[in-house]
Structure formats: C-alpha cells, structure tokens
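I opened a new notebook page for this model. My entries below follow the order of my look-ups.

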Amino acid sequence: MKDHELTYLKKKIEGLKEDGVYRELPVNYGPCDNRINLNGKEVVNLSSNNYLGLANHPRVKKAAIDAVNKYGAGAGAVRTIVGNQDILGILEDVLAEFKREESVMCFQSGLNCNIGTIQAIVEKGDLIISDELNHASIIDGVRLSRADKAVFKHSDMEHLESILEEKRNDYNQVLIITDGVFSMDGDLAKLPEIVELAEKYNAMTYVDDAHGSGVLGESGRGTVDHFHLHGRVDFIIGTLSKAIGVVGGYVASKKETKTWLSHRARPLLFSTALPPAATAAATESVKMLMESEEYTDKLWSNARYFKEKLAKLGFNTGHSETPITPVIIGPEAKTMEFSRALLDAGVYVSGIVFPTVPKNTGRLRCMISASHTIEDLDYSIAQFEKVGKELGII
Ligand SMILES: *Cc1c(COP(=O)(O)O)cnc(C)c1O
C-alpha cells in the first residue's frame, strides 16, 4: 500500500532528533544588517556573509528599485531565449573591469556557477584535482562532470605535486580546483605555489573566490589580485551573494570561456536568468567598490579589532588570514551551548561542529562586517568574555 504519510521521512527526522542535530530554521524579521531581528529578538549579527554591509545599503537598494521600474520583477526566460536583459551584459562588463580579466559570465548564484562551469569545461579523458576542503558546490560540480577525480590534502603542495607527477600524462586536460579562502578557518589557498605547479605540469587552474572577492586585494578584487597572479589563473569564480550583498555568481576568464558556457552551461540553458533587481543592485555594489576603499578598509579594521580583543581574553581564534574569525571551543555539545548562551545574551553566532569541521574542533564562526559599529563589537566581546568564563573556556 502506498505510504501517503511519508513515514520514512518521519523516521529519518526522529533520527536527527536522537543524534541531537535537529533544528528549526531561524527567522530574520528584517533586513540583513549589523543588528537583526532574529526570531523576534534584536541581536548583534555575527553570522552573515554580508562583509561590506551592502545588502541593505541605500544606494544598492535604489539601484534595485529603479531596475524593477524599468525592467520588471523577473527576467521571464533563460538567457539563451529572451532572458538576456541588457543589464546583465553591463554587470558582466563592470565585473570584468573589477576583476581585471578579459570577460565574465554571470549565473544565478555561486553554486549554479560552479555546477554549470565545471561540468562544461572538462569531460571524459580529463582529470580534476580538488582540495579536500573545497566548498560543497565545487564537490557537486565535480560529481556532475564526466572527468576523473583526485583529491589532495588541504593546501598540501607536496601531495598535489605527487598526483600531478603520477597522473598528468594519462589525461588530456587537468584542472586544479581550490577555494581562494577556506570558509571554516579563513585561511588562504597557496595560490602562487598552485599556479607554479600548474605551469610546470601544464594543468589549468580554477579558483573559487566566494570569500575572497570584496575582501582581499585592491578594493576587494580577490585573492588573484592579492597574490598578483593576473593572467595566470584560468577560471576565477566569484559570488554576488556575499560581499557584494545581493545574489548571483560569475566566472571571470578568457572570452572563449564565456562563449563556450553560453552554449553548454546547464544553469544558463535550463534555468531563468537573474532578476533585474539583483542584476542592477550587484552592478551598483561593484561600482561602489571600484570608487572607494572605504568599505574594505572598514571591514579589515573591524576584523583586526575584534580578533585582537578576543585573543587577549584567551580565546583560540585559529589561523585565519581574513575577517572570518573562528573561536575554537572544541567539543560539539559545549560549542552549541556557547552559541545558545550568546544568543540569550543578544549575540548571534552560529556554532559549527562535526561533520562540517573535524571532531572536537567545534567553533563559533564570527563573521565580521564593515557594517558593525565599535559598540556592536565591544558588546559582543563582553558577551564572549561573560559566557567564556561561565563555561570555563577562558
Ligand atoms: C558561498 C559559497 C558558494 C555559493 O555561493 P552562492 O552565491 O551563495 O550560491 C560557492 N563557493 C564558495 C567557496 C562559497 O563559500
């Protein structure tokens, strides 16, 4: 008999509860900003990727509203039919200028971009070599491609070279994929070494700079700019959903990449284009970054201030090289208890535990933003101190 009650899902959900990992989605009753109304309570927001505070910026919002008035609410079709509104081309030109690359192709999100691009640029007979800590959307893109796969230990250049040495000659194209900034620890990929190895072994390079764009390099141009590697990385992925404050993803590369993707990338062929509001708002954000370093400077000064104060209190803030500030607590239960106590005290930081990070390295991942005021940061630090002492962490 057919099970209309979906009993198998009910059982799985019971399993989540038994494992202590069941949760409800928190509800934000307003814009994403330095303080948010989460589940009806005002808290300091230390959990968003809105690095530069652009998600609720008046200039960015105005660009979105103006675009809705001129272009409507939706694009109406995929880009290969009639969804390719002229403002998408403008966004791509602005992004190419920002990234200092030949051309840019935009997607509906960073996840879409990885899934669509990886699948399109390699095929059977090719090899992908991927860092073990790469983002889930890269892993999905790799899974969908028909290329063979190899994984190297996180940022381990000897391991990467040993794979290249052993396998390079068995394949047509070899593609090395890495995150530019690793989101759980805030460490940077060893891009200069990766590029050297790729050149030595005639492999292509693919850097997903979702957490680097808007954060590192001149005015937030990303890790490739930070390491002065322009022209030496083949595919540079960025998102419009984090520092840029809107939604969307893109790949910056040669003109041929854009042309090929317009024929083969499945999210462009089978899913409706970005809505006009998102396209215009993202364009405005990128222009603002090119006009002034004010946003990135504020982000970095806030991040340095916060990290220094936490370290002085005796917290372990890991080896982050970016505004991502992990506060490592250790045991899973204690990490979640810390996160709950901070929320009660008016500070929202999500706890991140196994299996997202290794066992016993549970952490509160603090995401610092240019939108935070010194009062926000001082208040948060005071709550960290109070809860840290109560729980015997410091
Ligand atoms: C967040 C993230 C993505 C996904 O970006 P969206 O635009 O939110 O879909 C892709 N790659 C990395 C490394 C990310 O951190």
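Which helix gives the largest share of the shell around the ligand? I found helix α4 (residues 110-121), with three residues. Helices here are DSSP runs (H or I, at least four residues), numbered from the N terminus.

I noted the ground rules next. This is a predicted model, where local features need pLDDT of at least 70, side-chain atom pairs count only at pLDDT 80 or more, and totals for chains, interfaces and linings use all residues. Residues are numbered from 1 along each chain as its sequence is written, and side-chain values use heavy atoms, with hydrogens and water left out.

**Ligand.** I listed 14 residues around the ligand (a heavy atom within 4 Å). The closest are G110, D208, T239, S241 and K242. I then looked up polar contacts (pairs of N or O atoms within 3.5 Å). A side-chain N or O atom of T239 is 2.7 Å from a ligand oxygen. For S241, a polar side-chain atom lies 2.5 Å from an oxygen atom of the ligand. The side chain of K242 has an N or O atom 2.6 Å from a ligand oxygen. Taken alone, the ligand exposes 380 Å², and the protein buries 85% of that. Areas come from the Shrake-Rupley method with a 1.4 Å probe.

**S285.** I placed S285 in helix α11 (residues 276-291). Is S285 buried or exposed? S285 is buried, because its relative accessible area is 0% (buried means under 20%, exposed over 50%, partly exposed in between). Its side chain reaches the backbone oxygen of I244 at 2.9 Å.

**L16.** I found L16 in helix α1 (residues 7-18). L16 counts as partly exposed, at 38% relative accessibility.

Terms used: Helix = DSSP H or I, 4+ residues; strand = E, 2+ residues; numbered from the N terminus. Buried < 20%, exposed > 50% of the residue type's maximum accessible area, 1.4 Å probe, protein only. Polar contact = N/O pair within 3.5 Å; in protein donor to acceptor, adjacent residues only side chain to side chain.
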